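Open the model in your viewer and keep the selection panel at hand. The stops below follow one another; select each in turn.

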Amino acid sequence: MQLFDFNGGVTPEYHKEASTQSPIAVSPAPSRNGLKNFLVIPLHQSIGGTPRPLVSAGDRVLKGQRIGAADGDMSSAVHASTSGQVVAVEMRRMPHPSGLSALCVVIEADGRDEWIARQPFDYHQHTAAETRDYLRDAGVVGLGGAVFPTHLKISPGKGGKLDTLIINGAECEPFITCDDLLMRERAEAIIQGVVILRDLLAAGRALIGIEDNKPQALAAMTAAVQAGGHQDMAVVAVPTRYPAGGAKQLIRVLTGIEVPHGKRSTDYGVQCFNVGTAYAIHEAINLGQPLISRIVTVAGNVAAPRNYAALIGTPLHTLLANSQPLPDTDRLIMGGPMMGITLPGDEVPVVKATNCILVGSPRLFPPPPPEMPCIRCGECAKACPADLQPFELYWFSRAKIFGKAQEYHLFDCIECGCCAYVCPSHIPLVDYYRFAKSEIWANESEKAAADQAREQYEFRQLREAREAQEKAARLAARTAAGRAAATNALAMAPVTAPAATSAAASAVTSAATPVTEPAQTPSPQAALIAAALERARAQQVQPANTTNLTPEQQAEIAAIEARRAQIRTQAHPHLPPDD
Amino acid sequence: MNNSPYLRQATSVQSVMLRVLFALLPGIAAYVWFFGAAIVLQIVLASLTALAAEALVLHLRGKPLAIFLTDGSALVTAWLIALSFPPLAPWWLVVLATMIAIIVAKHLYGGLGQNPFNPAMVAFALMIVAYPQFMSRWPGTDAIDFATQWQIIFGLHANQALDALTMATPLDALRTALHSTNATTVTVASALAHNPAIGLMAGRGWEWIAAGHLIGGLWLVQQRIITWHLPTAFLATLFLLAGLASTINPSEFAGPLFHLFGGGAMLAAFFIVTDPVSAATTPYGKLIFAAGVALLTWIIRSFGAYPDGIAFAVLLMNIAVPLIDMATQPRVFGHKKNGSNHHG
Ligand code: SF4
Ligand code: SF4
């Protein structure tokens, strides 16, 4: 099969051997005795709206029972990962660098691990919409780290068909091996999930891309495809180079198609799912099990690096206990060394996005050498898989010339970290991009809020104007009824009403002109409303990258918003002070 | 605690600069072999001046001394100045030039990474305008001993004897011959035929220095310190122009090999137009920038008043860099056109 190439990328040391020596272990289940018998299950674990809690303190829940209902379609349900009693629905610290808290369902496990009644879901007997709702309610989200609700990606796109379904088993980031082990050990289940995706998306073919540094996973997956006799599926070894596992990069490598930033990949005939997601789909559809656990790599500064099948909600100290972090541990990172986030502590829970807990030490990740000025050497541009000019983005972000940064495609940056990895001046380039993105979004949401406030103000003015006139009209009518004052009233009414109206209207702004006309007809109000509506329409024309957001974009915004909190809370000595 | 990425390649400005210095060694070795050790003395003078000037300005600007003094960038500037100046120039010329390069051309513009003009070339251009008489003190290949060279550099040598000891560069020799009073009868061939400065392809000794720089430069490409774009575009353009002109009118214009090996072309191709700070940065931009430098160099060499026009050519093209970079933004992943701001 012809493979394509993407520009840039880097080849850091992979450090993947250590955690692939032993098979996936079951993470210590919360036991009934001891201190570690609580699961903390955040309600908000995917891109999109925060699910509504369905339980309250005191309720008994079963394993797999839905405890948070999706908030609209752009959301995904959450479930109890084991049976037990809800002890609290309260704010708890999140696996997020800012240490920000969010609503969690805290369950005291009863140790019985008692399932709900599990029913396979025969998607052949249901409409596509029903299947999507089922997956939403089963809490299936992208497990590659982006936690985008899977049901939102299951539509074939234009023409009701998809050319190519891409299954991402590249796993390009150093240290992370959860997909590798999953593919080695549960290849057939993954392929069953791929079959479901293929059917739902009416995909012509499925390509499973795996980096060629995982021969065992490649062999296992190839064997599973052959065993299933799937002529329309192929397992493809792709060259090992970070970030080959980025969705856009993998799509490019396998098909040659470049999906531009902010576009639906289905419009280009491709859609990409992580192998872990395919596995979760299989469990949800074929076994009737919602997403309540995932494979998590524990690697880095630990005595026994390993992969665990961990229940969602397992506190990290429980997860880490068996791998024994070494004494010089100085941080916990969720994700890999290129894109991972530093966690605020070890009591935060495993969530659906937790693909890896990387235990750090000064030896493993020494503090970066002092930042030097950019010498425009262009190394970053050579390394950028999005073909950006990172040093230009850096200049503009640093100088807070955000318009220019956007012109140079700041929002096409996938924050892969390749540029900062190669920079001889040790500039934390990605921090600057996160900062610039967050400032731009903050500005635009402030602007949107201001627009909304102005709108509300104008409509209130309109309402008051209308009420004033109605009152005047009523007054006029009443007065007119009084025969004695008939002539006076007829003279007054037109005067009073326009006066009230024009006072309001001049406060409103440009719509004042029509009010100067005689006010006997209802036309001033109509004109005012029309003008206000016109303005409202005009205001919807905002900068190009905030209109008609696709779910992917909204997801990105949400992710960026999350990082903003992180940036704001962390001291930024290298950012120029606000002037 | 820093944010992702937590991994970083083992690289630094210092290691980049040190490798550039290392790559200059073959050319320097050839220099010493053919023209004596005077160049080493000039390199030492320039280096010491550069470090002192750098330390002074860093101190005045309140910048951390240890980091910036050891980044190697001042040394690269110093070495390039020493290598492009005549080795028998008086000591203060190189010292003054280096001070101007570091204090004015580098730090007045904001220091490392900020200078729009190549500091070494700024210094060269100013000195050749201000002190043309000293800028022609090139040693002959009939080795003057180091003691005499030392005396010349420090002004201890009787000036009358200087003419006998110095010699024009091949480029200068050719230009002088072609522009002399009986220029009508002089052709490139006749001017070069009887000149002791002329060797196999270009100048005696000069061609070997150029070869040394070529070797060092290719090593820099192999080390991924520089990309092929700048040197290739520079050398190819110079080669084509000189080739074309000398084919059309061989009596007036020197051939391509003479241009490539007879002056500072190799040094320029791999060490001067490749200065990342002041050169264009996009792939197409680099090609345009280097081709522009070559074009201007050839024009100044062929028609101008100065023997070698590289410094002026580089400075002129430095002015155009922001424009070139803006006009040659590469296509962003997934976008159709270069530089388009709107998606799709
Ligand atoms: S790698 Fe660093 S020093 Fe080089 S151009 Fe990029 S930001 Fe500047
Ligand atoms: S972080 Fe952004 S700018 Fe840097 S290499 Fe990745 S995509 Fe390019």
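A residue is near a molecule or strand if one of its heavy atoms lies within 4 Å of it. This is a predicted model, where local features need pLDDT of at least 70, side-chain atom pairs count only at pLDDT 80 or more, and totals for chains, interfaces and linings use all residues. Residues are numbered from 1 along each chain as its sequence is written, chains are lettered from A and ligands numbered from 1 in the order in which they are written, and side-chain values use heavy atoms, with hydrogens and water left out.

**Stop 1: ligand 1**

Select ligand 1 and show its shell. Around it are A:Cys374, A:Ile375, A:Arg376, A:Cys377, A:Gly378, A:Glu379, A:Cys380, A:Phe391, A:Cys423, A:Pro424, A:Ser425 and A:Leu429. Color the shell of ligand 1 by class: eight residues are nonpolar, two polar and two charged. For these classes, Ala, Val, Leu, Ile, Met, Phe, Trp, Tyr, Cys and Pro count as nonpolar, Asp, Glu, Lys and Arg as charged, and the others, Gly among them, as polar.

**Stop 2: ligand 2**

Go to ligand 2. Helices (H or I, at least four residues) and strands (E, at least two) are DSSP runs, numbered from the N terminus.

Ligand 2 takes up the space of the second largest cavity. A cavity here is a set of points, on a 1 Å grid over the protein atoms alone, where a 1.4 Å probe fits but cannot get out. A molecule sits in one if more than half of its atoms lie within 2 Å of its grid points.

**Stop 3: a sheet in chain A**

Select β2, β8, β7 and β4 of chain A. In that order they form an open sheet of four strands, with antiparallel pairing. Two strands pair if DSSP finds at least two bridges between them. The edges are β2 and β4 (60–61), each pairing on one side only.

Five bridges join β2(A) to β8 (residues 101–109), and the two run antiparallel. Find A:Val40: A:Val106 in β8(A) stands opposite. Is β2 (residues 38–42) of chain A mostly enclosed or open, and why? Four of its five residues are buried, so β2 is largely enclosed by the rest of the structure. Buried means under 20% relative accessible area, exposed over 50%, and partly exposed in between (1.4 Å probe, protein chains only).

Move on to β7(A), which pairs with β8(A) in the antiparallel sense over nine bridges. Here A:Val86 stands opposite A:Ile107 in β8(A).

**Stop 4: salt bridges**

A search of the whole structure finds 24 salt bridges over all chains. Each is a side-chain nitrogen of Lys or Arg within 4 Å of a carboxyl oxygen of Asp or Glu.

Stay on β7(A) and pick A:Arg93. Its side chain meets that of A:Glu347 in a salt bridge (2.8 Å, N to O). A:Glu347 lies in the loop between β16 (341–342) and β17 (356–360) and A:Arg93 in strand β7 (residues 84–93), so the pair ties together parts that are 254 residues apart in sequence. A:Glu347 is partly exposed at 33% relative accessibility, and A:Arg93 is partly exposed at 34%.

Now show both chains. A:Glu258 and B:Arg331 form a salt bridge (3.0 Å, N to O). This pair crosses between chains, from the loop between α5 (247–255) and β12 (270–274) of chain A to the segment after α16 (310–327) of chain B. A:Glu258 is buried at 15%, while B:Arg331 is partly exposed at 32%.

Next, select A:Glu407 and A:Lys404, a salt bridge at 3.3 Å, N to O. They are three residues apart in helix α10 (residues 402–407) of chain A, so about one helical turn separates them.

**Stop 5: a helix in chain B**

Finish at helix α14 (residues 265–272) of chain B. Eight of its eight residues are buried, so α14 is largely enclosed by the rest of the structure. Among them are B:Met266, B:Leu267, B:Phe270 and B:Phe271.

Methods: 1 Å grid on protein atoms, 1.4 Å probe; cavity = no way out; pocket = protein on both sides within 12 Å on 5 of 7 lines; lining within 4 Å.
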